[in-house]
Each structure stands twice: as structure tokens, then as C-alpha cells.
Amino acid sequence: MPQRRAYLNITPQVEEFVRESGIEHGLCLVNPMHITAAVYVNDDERGLIQDYDEWLERLAPHEPVSQYRHNNGEDNADAHLKRQLMAHQVVLAITDGRLDLGPWEQVFYAEFDGQRRKRVLVKAIGE
Amino acid sequence: MPQRRAYLNITPQVEEFVRESGIEHGLCLVNPMHITAAVYVNDDERGLIQDYDEWLERLAPHEPVSQYRHNNGEDNADAHLKRQLMAHQVVLAITDGRLDLGPWEQVFYAEFDGQRRKRVLVKAIGE
Amino acid sequence: MPQRRAYLNITPQVEEFVRESGIEHGLCLVNPMHITAAVYVNDDERGLIQDYDEWLERLAPHEPVSQYRHNNGEDNADAHLKRQLMAHQVVLAITDGRLDLGPWEQVFYAEFDGQRRKRVLVKAIGE
């Protein structure tokens with residue numbers, strides 16, 4: 001991921017996972033395995049994503065990096081804060097073998113400290 | 001819902017759903033299907049609900065609507081932000097066929113862009 | 001808990017619970033039963049914990065207590081707000097009988113209105 005912050009719609013990958021799991025009725029956890037990232041559900045609308053990005057930067061600014069004690073050899077303390085604001089993980093319902101999403105619900109992976117390879121854990125249970 | 005923002009205690013409806021599910025031991029997801037709303041757990045105390053409302057308005061103000069890029073024909077960008085602050089969804093434990101809530105835990109549906117019909121998804125799994 | 005706010009790494013206790021449950025593959029909810037506390041996942045790094053504490057105090061200050069309507073005989077309204085910012089609860093994956101955590105993921109109990117005995121609900125389902 002070249003830029004520091006990015007917002008990726010991962011709904012197709014989660015749907016594919018659910019299809020392959022064969023689960024008809026259950027719950028699906030989608031959780032970033034990195035602690036400077038969040039998985040959240042909202043609209044895939046370019047303006048809104050920019051609004052989120054500016055708002056997160058206002059409530060948990062990256063600069064000056066020296067304002068954070070964690071930034072002792074690091075510069076990503078703000079990313080740990082931003083990810084908590086976005087609530088970090090989601091649980092999705094599976095009904096009739098598919099993600100049971102509202103009309104505008106899309107699953108996003110939001111990275112706040114990019115330039116590293118990142119992983120998402122998806123875990124579904126049910127029958 | 002006549003007003004723009006409202007906070008509804010939906011604990012009785014979720015409890016009824018759990019009772020009808022027949023599940024004795026499991027987990028129950030409560031998730032708004034609309035992306036300008038949140039489901040959260042906290043106290044049913046009128047002063048606190050007003051405190052939440054004023055605090056959310058301070059951290060993610062509705063006005064001026066032109067400050068948000070999403071508000072291009074819309075005016076609800078702030079509602080998308082507020083719902084993330086409240087963490088948007090909850091998972092509840094089911095024990096002995098009932099919601100396993102702490103003494104003051106109540107389940108709320110918080111609407112931040114009202115005047116439309118809204119739906120909540122409740123999904124329980126277990127045995 | 002002597003101080004008003006505290007951050008406890010409870011990962012060992014949750015891991016012990018999962019081991020004793022005998023579940024090999026499932027989901028585990030970790031939820032504070034008190035509504036002025038949060039359970040969250042992030043790094044066990046002293047500087048970061050101080051950053052969280054100062055940041056939460058900036059976004060939802062304790063003083064002046066009179067700014068909150070809930071503080072009518074209480075003084076803990078800010079704790080109800082802080083816990084929502086930290087997203088209040090987590091769901092963890094269980095794989096091969098163990099918590100399926102990323103390399104830096106640790107489970108914390110964050111208390112924002114201490115001096116009382118607090119309880120955490122841990123509920124695992126799966127097989």
C-alpha cells in the first residue's frame with residue numbers, strides 16, 4: 001500500500017469467503033490483524049471516504065508526531081487512535097449462505113499506517 | 001421517526017427475539033441495517049442520552065453541511081461519522097435462554113438521520 | 001482498582017478461558033459488564049496507553065463535571081463517553097483451540113470510573 005492511509009472495499013473478498021465456507025446461517029467476524037487498521041461498515045462513496053479521512057485526522061492528528069509518547073522510534077501513534085474511533089472490527093450476519101447486508105452496507109479495510117503488507121482475519125461460524 | 005436524531009431502548013425487542021429463537025447458549029448480533037445509525041449498549045438515563053447527543057454533535061457537527069464532501073445532494077454526512085463514534089453494532093451473550101446483560105446494560109438504537117423507516121438486523125446463533 | 005482510570009492486559013485470562021472451554025474453532029465475545037468500561041484490542045506498550053489516556057481525556061474530559069447532565073449525584077458521565085470511543089467490546093477468533101491474535105494484538109480492559117469491583121463477560125461458541 002503506497003500511501004499512509006487508504007480505504008479498501010473488501011466486500012467481494014468477504015462474500016467469496018462466506019460462499020466457500022458453505023455456511024448457510026451464522027456469524028462472520030472480519031478483523032484486521034494489524035493494530036493500526038480498522039475494518040468498518042459504511043457507504044462506498046468517494047466524498048464520504050474523504051470526509052472520514054479528514055475527520056479522523058482532525059480528532060487524532062498525525063503531526064506533530066512528537067505529541068505522542070508511543071512515537072519513540074515510531075511515528076504511527078495516531079494510527080492506533082484512529083483505528084479505535086472507527087471501532088476496529090465488525091461482525092456480519094450470514095443468511096441463506098450469503099452476507100446479510102443492508103442496501104448500502106459495504107465492508108471496508110481502513111489502513112492508517114500503510115507501506116506494509118497487511119492481513120485480515122475472517123472467521124465464520126454457523127451451519 | 002419525526003426528529004433527526006433519536007435514541008430508542010430496544011432491549012425488550014431483542015429479548016423477545018432471543019426468547020423466540022429457543023437458543024439457550026450463544027451469541028446475538030444486533031446491527032442497524034442503515035449506515036447513519038448505531039446500535040450501542042449503555043445506560044437508559046435521560047441526562048446521559050442528552051450528554052451523548054451534545055457530545056456527538058460537538059465531535060461531528062451537522063452544520064455547516066457544506067463542510068462535508070458527501071453532502072452533495074445529501075445533508076447527512078455527520079450521521080455517518082456519529083455512528084462510527086458510537087461503534088455501530090453490538091454482540092450480546094445468550095445464557096440460559098436470556099440476554100446475559102450487566103445490571104445497567106441496555107441496548108439502544110441511535111438514529112442520526114431520521115425521518116425514514118429504519119430496520120435492525122438481529123441474528124442469534126448457538127444451541 | 002485504586003485510580004479512576006486504568007488499562008489492564010487481560011489476554012492471559014481470556015486465553016485461559018478459551019483453553020478450558022475446549023472449543024477448537026469458534027468466536028469469543030469479551031465484554032465489560034460495567035457501562036463505564038471498555039474492552040479493546042491493541043498494543044501493550046506503555047507510551048501508547050498514556051497516549052490513549054490523554055487523548056480520551058481531551059475528547060471526553062472529566063472536568064468540569066457540571067458540563068454533563070448525567071452528573072446529577074454522579075461524576076462519571078465522561079466515562080460513559082470514553083468507553084464508546086474505544087468501542088466497548090471485542091469478538092475474537094478461536095482457531096485450533098487458541099485465540100487467533102495478530103502479532104501485536106492484546107486484549108485490554110479499560111476502566112474509566114474505577115474504585116469499584118468490575119466484571120468481564122467472556123462467552124465462546126463453536127465446536
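Student: How many residue pairs are in polar contact between chain A and chain C?
Tutor: A polar contact is a pair of N or O atoms within 3.5 Å; within protein, one must be able to donate a hydrogen and the other to accept it, and residues adjacent in sequence count only if both atoms are side-chain atoms. With both residues at pLDDT 80 or more, the count between chain A and chain C is 16 residue pairs.

Student: What kind of model is this?
Tutor: Residues are numbered from 1 along each chain as its sequence is written; chains are lettered from A, and ligands numbered from 1, in the order in which they are written. Side-chain values use heavy atoms, leaving out hydrogens and water; local features need pLDDT of at least 70, side-chain atom pairs count only at pLDDT 80 or more, and totals for chains, interfaces and linings use all residues, this being a predicted model.

Student: Which residue of chain A forms a salt bridge with C:Glu54?
Tutor: The rule asks for a side-chain nitrogen of Lys or Arg within 4 Å of a carboxyl oxygen of Asp or Glu. One salt bridge is counted between chain A and chain C. Its closest N and O atoms are 2.4 Å apart, and the partner of C:Glu54 is A:Arg69.

Student: Which element of chain A gives the most to the side that touches chain C?
Tutor: Elements are DSSP runs numbered from the N terminus: helices (H or I, at least four residues) and strands (E, at least two). Strand 2 (25-32), helix 3 (77-85) and strand 7 (120-126) of chain A each supply at least two residues of that side. The most, six residues, comes from helix 3.

Student: What area is buried between chain A and chain C?
Tutor: Buried area is the accessible area (1.4 Å probe) that two parts lose on being put together, summed over both. Carbon and sulfur atoms give 60% of the total, which is about 2,500 Å².

Student: Which residues touch the most other members of the largest nonpolar core?
Tutor: A nonpolar core joins buried (under 20% relative accessible area, 1.4 Å probe, protein chains only) Ala, Val, Leu, Ile, Met, Phe, Trp, Tyr and Cys residues through side-chain atoms within 4.5 Å. The largest has 57 residues, and the answer is A:Trp55, B:Trp55 and C:Trp55.

Conventions
Buried < 20%, exposed > 50% of the residue type's maximum accessible area, 1.4 Å probe, protein only.
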